[in-house]
Amino acid sequence: MQFSRIVLAVCAALFTQTASAQDRTLKIGTEGAYPPFNSVNSEGTLIGLDIDIGNEICRRMEAKCEWIAADFVGLIPGLQNGLYDMVIASHSITPERTAVVDMVRYYSSDATMIFAKDKLRDDVSPAGMAGAAIGVQSGTTHAAVLDAQYGGATIRNYPTQVEAYADLTSGRIDAVMGDKMALYDYAQGEEGKACCLLSEQAIKDPALGDGVGIILAKDSPLRTEVETALTAIRDDATYDTLTKVYFPFPIW
């Protein structure tokens with residue numbers, strides 16, 4: 001009788017552990033307007049590399065992802081106010097951000113500019129862009145660098161990168177500054193090929209940060225789990241499989 005009770009207790013504990021793992025949900029904030037990393041398809045579903053990486057991390061953590069789209073500038077405050085367990089939205093890792101949140105690096109990319117074909121410039125430095133109208137997404141490290149260093153240009157801020165592209169294709173601005181890989185993706189699309197050319201020059205500035213990170217609350221207990229999951233994804237080549245869907249070159 002005693003043995004039966006022990007067996008039943010062990011089975012009940014295992015069942016409880018399994019059920020709790022299946023019931024575990026992680027709320028993840030993203031933007032939904034930064035292709036190919038995060039965007040919304042015609043069916044209203046969030047798609048992109050940020051989403052793919054996040055879903056795989058959740059799978060390794062035996063959790064369900066609950067994705068929540070919000071304005072880019074509100075994502076970090078939302079995390080700090082407990083709206084999300086983490087944020088995956090292609091945030092550059094900067095000292096200003098790591099002072100208030102934890103960040104786990106998951107890819108790297110240079111900054112550059114994409115031009116309207118008839119406005120292409122060989123020099124994307126502040127001196128080379130003097131007199132140009134440059135679009136950029138508000139609240140990004142790219143916007144901060146333009147404001148600080150490109151005083152000779154006209155800077156136009158947009159709520160999303162997509163809106164900056166729209167003004168570029170219509171001729172209202174000369175160029176858009178951003179993450180090389182996001183600009184590359186746009187340049188490969190139908191609209192981008194018709195209107196624009198991607199600069200081969202990289203823009204270097206310490207303010208642009210050191211890679212791109214998944215954001216967690218300061219001292220979050222999830223950090224170790226996220227790092228472990230991401231390491232496993234890289235070690236077994238899942239990372240390469242996911243990224244090759246979007247880019248023909250390595251992004252780590």
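The expected span of a helix is 1.5 Å times one less than its number of residues, and helices (H or I, at least four residues) and strands (E, at least two) are DSSP runs numbered from the N terminus. With that in hand, take H2: its 12 residues reach 17 Å from first C-alpha to last, close to the 16 Å expected at 1.5 Å a residue.

What you're looking at is a predicted model, where local features need pLDDT of at least 70, side-chain atom pairs count only at pLDDT 80 or more, and totals for chains, interfaces and linings use all residues. Residues are numbered from 1 along each chain as its sequence is written, and side-chain values use heavy atoms, with hydrogens and water left out.

**The chain as a whole**

- There are 10 helices and 13 strands in the chain.
- Its C-alpha trace spans about 85 × 35 × 30 Å along the principal axes.
- Of its 252 residues, 46% count as buried (under 20% relative accessible area; exposed is over 50%, partly exposed in between, with a 1.4 Å probe and protein chains only).
- Take the contacts (heavy atoms within 4.5 Å) between residues at least 6 apart in sequence: 67% of them join residues at least 24 apart.

**Helix H9 and what packs on it**

- H9 covers residues 222–235, and these 14 residues reach 20 Å from first C-alpha to last, close to the 20 Å expected at 1.5 Å a residue.
- Its buried residues are Leu222, Val226, Ala229, Leu230 and Ile233. Seen down the axis of H9, they fall within an arc of 95 degrees, so they line one face of the helix (the arc is that of the directions from the helix axis to the C-beta atoms).
- An α-helix has 3.6 residues a turn, so residues three or four places apart point the same way.
- On the other side of H9, Thr224 and Asp235 are exposed.
- The cover over the buried residues of H9 includes strands S1 (25–30), S6 (86–92), S7 (101–107) and S13 (212–217), along with helices H2 (49–60) and H10 (238–243).
- Just after H9, Ala237 takes a positive phi of about 75 degrees.

**Back to helix H2**

- The buried residues of H2 are Leu49, Asp50, Ile51, Ile53, Gly54, Glu56, Ile57 and Cys58.

**Strand S6 and His91**

- His91 sits in strand S6 and counts as buried because its relative accessibility is 1%.
- Leaving aside neighbours within four places in sequence, the contacts of His91 include Phe72, Arg97, Met103 and Val212.

**Cavity and pocket**

- On a 1 Å grid over the protein atoms alone, a cavity is a set of points where a 1.4 Å probe fits but cannot get out; a pocket is an open set with protein on both sides within 12 Å along at least five of seven lines; lining residues have an atom within 4 Å of a point.
- The count comes to one cavity of 30 Å³ or more.
- The largest cavity holds about 150 Å³ of space, and of its 18 lining residues, Tyr34, Phe72, Ser90, Thr140 and His142 lie nearest its centre.
- S6 gives the most to this cavity's lining, with four residues.
- The largest pocket has a volume of about 200 Å³ (the space filled by probe spheres set on the grid points, which are joined across faces, edges and corners). Of the 16 residues that line this pocket, Ser109, Asp110, Ala111, Leu208 and Gly209 are the closest to its centre.
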